[in-house]
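Work through the exercises below with the sequence and the structure open beside you. Try each task before reading its solution.

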Amino acid sequence: MPARLIAYPPEAAAISRWIPAGARLRIGREADCDLRIEHPTVSRNHADLIHDADGWHLLDLGSKNGTYVDGIEIGRAQLERSECWLRFGDVLCEFSVHADAGAIEQQRRQRERRELSAAWTRRIEVERLGLGAAPADADTNAVRDRAAGAGLADDILRGVVELAGCSRGFLLLAHDGDYDVRASLMLDQQALQSQAFSGSVGAVQRCLSERRAIVVNWIADELWLARRASVLAGGLKSLVCLPLLHAGRVLGAIYADRRGPGEAISEFDLELLCAFADSAALWLLAQRAFDSLAPAAAQGPRWTRIVGAQVTAP
């Protein structure tokens, strides 16, 4: 039966690999490894995951920081259980054996995710922006009139939250040297400005300053997050923050998180999310929404006020 290995590198999307029966999977930092994990605690050629007539085996290849099965360091071990936790250096991995139907189910899920991303793109381009073929019963002028309103930011945020499998979030847009909250989902905008906000200010700050997506699948394992009072109070499990970029300019960011269980945000998911965020930046600019989504009186709270309200020390 095939097996699945999911690696959870810190501050990165999960990396998932299906390994067919009778195969060998090389794990390490080298570019030619079957499962490449770019983390300093992972050796260039760290370990081999092997399947033969006796089942699944894990072989350490003389790694510097060790290979572990359910917390126990090993040199070579047979994986006797159908589900266990592996660790290569400081990178945690989930190993599981599946029936052949498992790989087919994963392919079906990825197909559904692509379709969901395409559906959100069509909704925004047709219903909000009036691009492409509008529904036969739609009033084209009415469709275009809605594009300049807050509904565009709302739809972009809802698309990201759903694609990421999260439950809440907010969207920031640059304005007068700061960032305004232009859309929020399951979050009171007033609560964002108080210590009651249980999201991760730190993740958004990193996203904006480093101009890259931030993904955390296991917040409890990230000390820079797990020690923050706001994160502890909110019981957060995972989060994603995507920058809105155009021509080297930071237009804003989209943040989403969840407190309950859910599937890991994988490299495949992140690829869809980043493509959606790239399109979102163009949509906002194309409709002049970046500069005039809402009159000044209706703008949301400023990001500096939100940051200032949080308790950042453990």
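**Exercise 1. Find what share of the contacts with a separation of 6 or more comes from residues 24 or more positions apart.**

Solution. In this predicted model, residues 24 or more positions apart account for 57% of the contacts in the chain with a separation of 6 or more. Next, take the make-up of the chain: its secondary structure comes to 10 helices and 16 strands. Last, take burial: of the 314 residues, 50% count as buried.

**Exercise 2. State the span of helix α8 and list its buried residues.**

Solution. Step one is the length. Helix α8 covers residues 267-286, which is 20 residues. From first C-alpha to last, helix α8 reaches 28 Å, close to the 28 Å expected at 1.5 Å a residue.

Step two is burial. The buried residues of α8 are Phe-268, Asp-269, Leu-270, Leu-272, Leu-273, Phe-276, Ala-277, Ala-280, Ala-281, Trp-283 and Leu-284.

Step three is a general point to keep in mind when reading that list. An α-helix has 3.6 residues a turn, so residues three or four places apart point the same way.

**Exercise 3. Which residue forms a salt bridge with Asp-269, and which parts of the chain does the pair tie together?**

Solution. The partner of Asp-269 is Arg-113, with the closest N and O atoms 3.7 Å apart.

A second pair involves helix α1. Asp-155 and Arg-123 meet through their side chains in a salt bridge, at 3.2 Å from N to O. Since Asp-155 belongs to helix α3 (residues 151-163) and Arg-123 to helix α1, this pair ties together parts that are 32 residues apart in sequence. Asp-155 counts as buried because its relative accessibility is 2%, under the 20% cut-off. Arg-123 is partly exposed, with a relative accessible area of 32%.

**Exercise 4. Which residues are joined with Arg-212 into one network of salt bridges?**

Solution. Arg-212 is partly exposed at 31% relative accessible area, and Glu-210 is partly exposed at 39%. Then follow the shared partners: salt bridges join Glu-11, Arg-206, Glu-210 and Arg-212 into one network. For the whole structure, the search finds 15 salt bridges.

**Exercise 5. Give the strand order of the open sheet of 5 strands and name the strands at its edges.**

Solution. The order is β4-β3-β5-β6-β9, and the pairing is mixed. β4 and β9 (76-78) stand at the edges with a single partner strand each, so one side of each is left without a neighbour in the sheet.

Now look at one pairing inside this order. Strand β3 (residues 24-28) and β5 run antiparallel and are joined by 4 bridges. Leu-25 stands opposite Leu-49 in β5.

**Exercise 6. Is Ile-27 buried or exposed, and which residues does it touch?**

Solution. Ile-27 is placed in strand β3. Its relative accessibility is 0%, so Ile-27 counts as buried. Leaving out residues up to four places away in sequence, Ile-27 touches Leu-5, Cys-33, Leu-35, Ile-37, Asn-45, His-46, Ala-47, Leu-49 and Phe-88. Ile-27 and Phe-88 are 61 residues apart in sequence, with their C-alpha atoms 8.6 Å apart in space.

**Exercise 7. Where is His-39 found, and what does its side chain make a polar contact with?**

Solution. His-39 is found in the loop between β4 (35-36) and β5 (47-52). At 15% relative accessibility, His-39 counts as buried. The side chain of His-39 makes a polar contact with that of Thr-41, at 2.8 Å. Beyond its neighbours within four places in sequence, His-39 is in contact with Pro-10, Arg-29, Asp-90 and Val-91.

Key:
Residues numbered from 1 in each chain as written. Predicted model: local features only at pLDDT ≥ 70, side-chain atom pairs only at ≥ 80, totals over all residues. Heavy atoms only, no water. Helix = DSSP H or I, 4+ residues; strand = E, 2+ residues; numbered from the N terminus. Expected span 1.5 Å × (residues − 1). Buried < 20%, exposed > 50% of the residue type's maximum accessible area, 1.4 Å probe, protein only. Salt bridge = Lys/Arg side-chain N within 4 Å of Asp/Glu carboxyl O. Polar contact = N/O pair within 3.5 Å; in protein donor to acceptor, adjacent residues only side chain to side chain. Contact = heavy atoms within 4.5 Å. Pairing = 2+ DSSP bridges.
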